[in-house]
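Reader: I want to learn how to read the features of a model like this one. Please take me through them.

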Amino acid sequence: MLLSTFCLLALGAVGLAQDAQAPFSFEHFPGYNGDDHHEFKWPINKVAIIGAGVGGLISYRELSQAGFDVRVFERDNAPGGNWHYSEETAGAPPIPNKDPAWADYEPSLPDQVPFQKVYQDGSEEAVLKRLRDHRRPRPLWDSLTTTSPSIPEFPWPVGTPWQLTRELVQRYLRSFASWHGINPSDNSSRIAYNTRVEKVEKHYKPDGSQHGWTLTLKKLTRTGEASSKAEWWNEHFDAIVVASGRFNAPNVPGIPGLEAWAAKFPDRITHSNQYRHPDFVRNKTVLVVGASVSAVEVARDINTYAHKVYQSVRIKAFGSVDDISDGKIELVNGTVLTGIDHIIFATGYRYSYPYLSQYHNSSLGPDDRDPQAIVTDGTHVRSLFLDFLYIEEPTIGFINANQGIQTFVYSEYTSLALARIWQGHAKLPDRKTLREWHEKRVEEAGGYGKHFNIVGLKYQENVRFFVGWLNLVALKYGGKQVNTPPDDADIRRLWFNYRYGSAQNLADFPLGFSDDF
């Protein structure tokens with residue numbers, strides 16, 4: 001989960017300053033002379049945005065202000081994405097992990113659309129579970145705080161505290177949505193809440209040529225105390241923005257013996273995405289698995305409630321056991337733990353886009369290549385230019401697919417870039433050139449893997465690239481110009497000192513701190 005510390009740990013060592021803007025040059029694109037650019041097969045007017053978290057909301061602003069006909073689809077009943085808190089929790093993650101193509105949810109596709117179905121679930125509990133499984137509560141706990149900056153052009157009110165509660169962030173994002181007329185109370189046709197995208201597939205004209213994309217959509221609404229209604233239909237768009245986030249498919253590593261433990265003690269083994277309050281571990285001995293942000297913060301949150309808290313980065317094996325407190329858990333360094341009452345896996349999430357299942361291929365290894373594949377084992381996304389534009393068909397854009405970024409800021413650059421590219425103002429190099437650059441980047445990164453999409457030390461370089469590119473376009477065609485974020489290094493140093501006792505090694509703190517195991 002994106003945490004209070006993530007905003008500073010991921011960017012703390014970057015020290016992104018308000019440096020003088022260097023003029024944009026295609027030297028950023030080795031081997032490209034600016035002449036052989038991509039030609040879109042159809043004009044782009046209608047754009048679908050999948051998700052109404054911060055990335056989706058900012059994308060809506062940028063694309064609608066650029067003149068596109070935009071429609072947003074959000075499976076939850078409110079905007080905010082990960083910042084929409086609910087006391088409800090998602091169900092227990094599957095152990096072992098499912099294939100990434102279905103790890104978030106399994107699409108429900110009727111034989112034909114439009115189609116309607118009424119569910120008589122028999123009890124209020126059953127209908128609430130159906131609605132919950134459709135919208136999937138977000139991985140946010142009650143005491144979570146953040147240091148997120150404001151969305152560009154929508155500043156926090158004067159006097160807003162530096163460390164923000166999750167309630168303040170949730171209200172802020174709802175205010176942003178309301179400002180742009182797409183809050184639930186606005187009853188706008190520009191957004192559909194409680195609506196999940198089941199499938200994105202190519203849309204063909206009668207002559208057999210592709211012309212945009214067809215979305216199969218499912219809306220689920222409660223109709224009575226123990227009943228609900230599902231509606232499926234199709235809509236067609238020229239381009240798609242994927243803004244459904246990275247925190248949808250909890251990852252639980254495959255550890256010998258774990259599957260048997262999970263089957264025997266299903267209520268004693270949870271993932272951090274289910275965590276809301278610490279009361280349930282009162283006077284218990286708890287093992288938190290993971291060493292990234294959520295693991296650290298959850299361990300901190302339960303520390304004064306639990307009898308004892310262990311935190312481990314790696315587990316070697318779970319021994320055979322009849323009672324969990326008698327079970328033996330062997331760590332990779334040979335240490336054996338016993339007497340554990342509850343285990344919390346804070347081991348991150350996998351990339352999963354069930355509505356783009358045709359672009360998942362879990363059979364591919366790190367050295368295998370398939371230009372169509374976007375997701376393989378779920379540890380990374382591939383085949384994307386700068387992780388925001390699908391190379392094979394650049395009418396699919398991705399917002400906030402990276403790790404090690406500040407989502408409230410970075411999404412302005414990537415969503416504005418999508419708008420300018422789809423307007424035809426920002427020229428995109430041809431597919432061959434994009435593939436060559438991507439392969440060069442893969443080589444420089446040491447291959448595909450869980451670190452591939454971490455921006456980290458390249459955050460400043462990426463921002464400057466987007467700023468130079470977008471401002472050059474603005475000078476030629478008009479439109480707004482963008483700036484690099486202001487420098488807040490002194491404030492970050494004070495905060496780090498307060499939080500961790502010393503800011504001496506802030507510059508050496510690992511970048512791209514995330515929840516990936």
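Author: What follows goes through helix, core, ring pairs, sheet and backbone in turn.

Reader: What kind of model is this, and which residues count?

Author: This is a predicted model; local features need pLDDT of at least 70, side-chain atom pairs count only at pLDDT 80 or more, and totals for chains, interfaces and linings use all residues. Residues are numbered from 1 along each chain as its sequence is written, and side-chain values use heavy atoms, with hydrogens and water left out.

Reader: How do I read a helix?

Author: Start with the definition: helices (H or I, at least four residues) and strands (E, at least two) are DSSP runs, numbered from the N terminus. The expected span of a helix is 1.5 Å times one less than its number of residues. Now the case. Helix α4 covers residues 166–179, 14 residues in all. From first C-alpha to last, α4 reaches 20 Å, close to the 20 Å expected.

Reader: Which residues of α4 are buried?

Author: Buried means under 20% relative accessible area, exposed over 50%, and partly exposed in between (1.4 Å probe, protein chains only). In α4 the buried residues are Arg166, Val169, Gln170, Tyr172, Leu173, Phe176 and Ala177. Seen down the axis of α4, they fall within an arc of 160 degrees, so they line one face of the helix. That arc is taken from the directions from the helix axis to the C-beta atoms. Arg171 and Trp179 are exposed, on the face of α4 turned away from its buried side.

Reader: What do the buried residues of α4 pack against?

Author: Contact means heavy atoms within 4.5 Å. The buried residues of α4 pack against α2 (54–65), β4 (145–146), β5 (164–165) and α7 (407–423). After α4 comes glycine 181, with a positive phi near 75 degrees.

Reader: How do I read a nonpolar core, and how many residues has the largest one?

Author: A nonpolar core is a set of buried Ala, Val, Leu, Ile, Met, Phe, Trp, Tyr and Cys residues joined through side-chain atoms within 4.5 Å. The largest here has 100 residues. Tyr353, Phe385, Trp422 and Trp469 have the most contacts inside it. Helix α7 gives this core its largest share, 10 residues. Another core lies apart, with 19 residues, among them Trp261, Val289, Val321 and Leu337.

Reader: How many aromatic pairs are there?

Author: Rings of Phe, Tyr and Trp (its six-membered ring) pair if their centres lie within 6.5 Å; planes under 30 degrees apart count as stacked, over 60 as edge-to-face and the rest as tilted. By this rule there are 21 aromatic pairs. Phenylalanine 154 and phenylalanine 176 form an edge-to-face pair, 5.2 Å centre to centre, with 85 degrees between the planes. Phenylalanine 154 lies in the loop between β4 and β5 and phenylalanine 176 in helix α4, so the pair ties together parts 22 residues apart in sequence. Phenylalanine 154 is buried at 16% relative accessible area. Phenylalanine 176 is buried too, at 1%.

The rings of tyrosine 410 and tyrosine 459 have centres 5.5 Å apart and planes at 35 degrees, so this pair is tilted. Tyrosine 410 lies in helix α7 and tyrosine 459 in helix α9 (residues 459–477), so the pair ties together parts 49 residues apart in sequence. Both tyrosines are buried.

Reader: Which residues do ring pairs link into a cluster?

Author: The cluster links Phe385, Phe388, Tyr410, Trp437, Tyr459, Phe465, Phe466 and Trp469.

Reader: How do I read a sheet?

Author: Two strands pair if DSSP finds at least two bridges between them. Here three strands form an open antiparallel sheet, in the order β15-β16-β17. β15 (315–318) and β17 (336–337) stand at the edges, each with a single partner strand, so one side of each lacks a neighbour in the sheet. β15 pairs with β16 (residues 329–331) over three bridges. Phenylalanine 318 has isoleucine 329 as its bridge partner in β16.

Reader: Is lysine 328 buried or exposed?

Author: Lysine 328 is exposed, at 55% relative accessible area. Its place is the loop between β15 and β16. Leaving out residues up to four places away in sequence, lysine 328 touches Trp261, Ala317, Phe318, Gly319, Val336, Leu337 and Thr338.
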